[in-house]
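Q: Can we walk through the side-chain features of a model together? Please give the general idea before each case.

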Amino acid sequence: MRRNTFNIFVGLALIIFGLAACKDSKPKKFRADTISSGAISFASDNSFAPIIDEEVEMFNNDHPKAKLTAIYTNEQDAVKMLMEEKIFLAITSRQYTKNEFNTLKNLGYKSMKSAPIAYDGLALIINKSNPDTCITVKDIARILRGEAKKWSDIYPGSKQGDIEVVFDHPKSSTVRYCQDSILGGKPINSPNIQAVEKSAEVINYVESTKNAIGIIGSNWLNDKRDTTNVTFKKNIRVMSVSRMETATPENSYKPYQYYIYDDSYPLIRTIYCLLNDSYRGLPFGFSNYIASPKGQLIIYHSSILPAYGNMTTRSVIVK
């Protein structure tokens with residue numbers, strides 16, 4: 001009887017310790033998705049929405065058992081969702097930082113990857129009434145630092161008034177690019193900064209504000225009526241940008257696909273898939289699809305440049 005009682009106590013103790021161990025261990029997330037089936041969400045910086053929408057549509061059409069849902073947000077929140085394991089794929093304009101990579105590694109992940117998928121030109125857009133269409137990188141920096149507050153500070157005699165700078169979001173990839181690549185890591189100090197929520201709102205704001213300059217991803221500007229990708233939306237002007245001290249029509253370039261390809265356009269950024277899918281399911285499958293010939297062809301037919309594939313260029317004479 002004592003032995004039975006002892007066995008009962010030992011059994012209860014093992015159950016209690018077992019429950020405690022289960023409580024302390026990290027719960028494993030069950031996923032039913034595969035490389036080409038299931039339903040899953042991923043995040044993307046809003047500035048890439050037009051091209052990512054096309055990729056999602058084609059992927060879902062090619063894989064009827066798959067259901068991809070894009071969460072369009074700002075770059076900071078997209079990466080935050082990835083680090084918090086709410087998603088397993090984020091589309092951004094930067095790679096993992098060393099700290100982010102090590103954090104995920106310490107959590108037990110082994111499949112972190114930053115894969116380039118395209119190259120995008122950061123576009124400067126102005127109201128149609130603004131006649132000043134060429135600008136230098138140096139003058140862009142002057143505007144962002146708050147040194148040039150009026151259009152006449154750059155273009156003597158301009159009657160456009162104060163320069164209103166408008167971004168798609170305070171935490172977007174465009175803001176980070178301006179700080180890191182144009183201002184050398186320093187903050188934006190322009191007194192007339194506007195931040196909306198989405199890239200489409202930047203276009204609407206510039207269209208209705210004669211003294212505004214908007215900064216957005218060039219994939220928002222492609223006119224779908226033009227299959228050659230050499231025109232932009234007709235309701236705004238796209239500025240030509242120069243690396244020189246003085247901007248002229250001869251040394252300034254718009255973010256056309258070819259000028260991104262030959263590096264003539266000075267404001268180019270890389271678009272990445274940040275992947276953290278040890279399960280190798282649908283996020284892994286979709287990121288591979290974007291990098292595949294078919295996914296890259298979708299990018300090629302947009303206004304941005306695919307990261308992979310042979311590009312053929314031809315010289316033409318325009319009369």
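This is a predicted model: local features need pLDDT of at least 70, side-chain atom pairs count only at pLDDT 80 or more; totals for chains, interfaces and linings use all residues.

Q: How many salt bridges does a search of the whole structure find?

A: A salt bridge is a side-chain nitrogen of Lys or Arg within 4 Å of a carboxyl oxygen of Asp or Glu. The search finds 14. One of them joins the side chains of D139 and R142, at 3.0 Å from N to O. D139 and R142 are 3 residues apart in helix α5 (residues 137-145), so about one helical turn separates them.

Q: Is D139 buried or exposed?

A: Buried means under 20% relative accessible area, exposed over 50%, partly exposed in between (1.4 Å probe, protein chains only). D139 has 15% relative accessibility, so D139 counts as buried.

Q: Which residue forms a salt bridge with K150?

A: D162 does, with the closest N and O atoms 2.7 Å apart. Both K150 and D162 lie in the loop between α5 and β6 (164-167), so the pair ties together parts that are 12 residues apart in sequence. K150 is partly exposed at 41% relative accessibility. D162 is partly exposed too, at 34%.

Q: Where do D180 and R176 lie?

A: Both are in helix α6 (residues 173-182), 4 residues apart, about one turn of the helix. D180 is partly exposed at 42% relative accessibility, and R176 is partly exposed at 22%.

Q: Which residues are linked with R31 in a network of salt bridges?

A: D33 and D277 are linked with R31 in that network. R31 also lies over the face of F88, at 4.3 Å from the ring centre. The test for a charge over a ring is NZ of Lys or CZ of Arg within 6 Å of the ring centre and within 35 degrees of the ring normal.

Q: How many aromatic pairs does the structure hold?

A: A pair of aromatic rings is described by the distance of the centres and the angle of the planes. Rings of Phe, Tyr and Trp (its six-membered ring) pair if their centres lie within 6.5 Å; planes under 30 degrees apart count as stacked, over 60 as edge-to-face and the rest as tilted. The structure holds 8 such pairs. In one, the ring centres of Y258 and Y261 are 6.2 Å apart and the planes are at 40°, so the pair is tilted. Y258 and Y261 sit 3 residues apart in helix α8 (residues 257-261), about one helical turn. Y258 is partly exposed at 42% relative accessibility, and Y261 is partly exposed at 41%. Y253, Y256, Y258, Y259 and Y261 form one aromatic cluster.

Q: Which residues of helix α3 are buried?

A: In α3 (residues 75-83) they are E75, A78, V79, M81, L82 and M83. Contact means heavy atoms within 4.5 Å. These buried residues pack against β1 (38-45), β2 (66-73), β3 (89-92), α4 (98-106), α6 and β11 (268-276).

Q: Which residues have the most contacts inside the largest nonpolar core?

A: A nonpolar core is a set of buried Ala, Val, Leu, Ile, Met, Phe, Trp, Tyr and Cys residues joined through side-chain atoms within 4.5 Å. The largest has 27 residues, and L124, I135, L144, I182 and L267 have the most contacts inside it. The elements giving two or more residues to this core are β4 (112-126), α5, β6, α6 and β8 (212-217). Apart from this core lies another, of 25 residues, among them I52, A118, L282 and Y289.

Notes: Residues are numbered from 1 along each chain as its sequence is written. Side-chain values use heavy atoms; hydrogens and water are left out.
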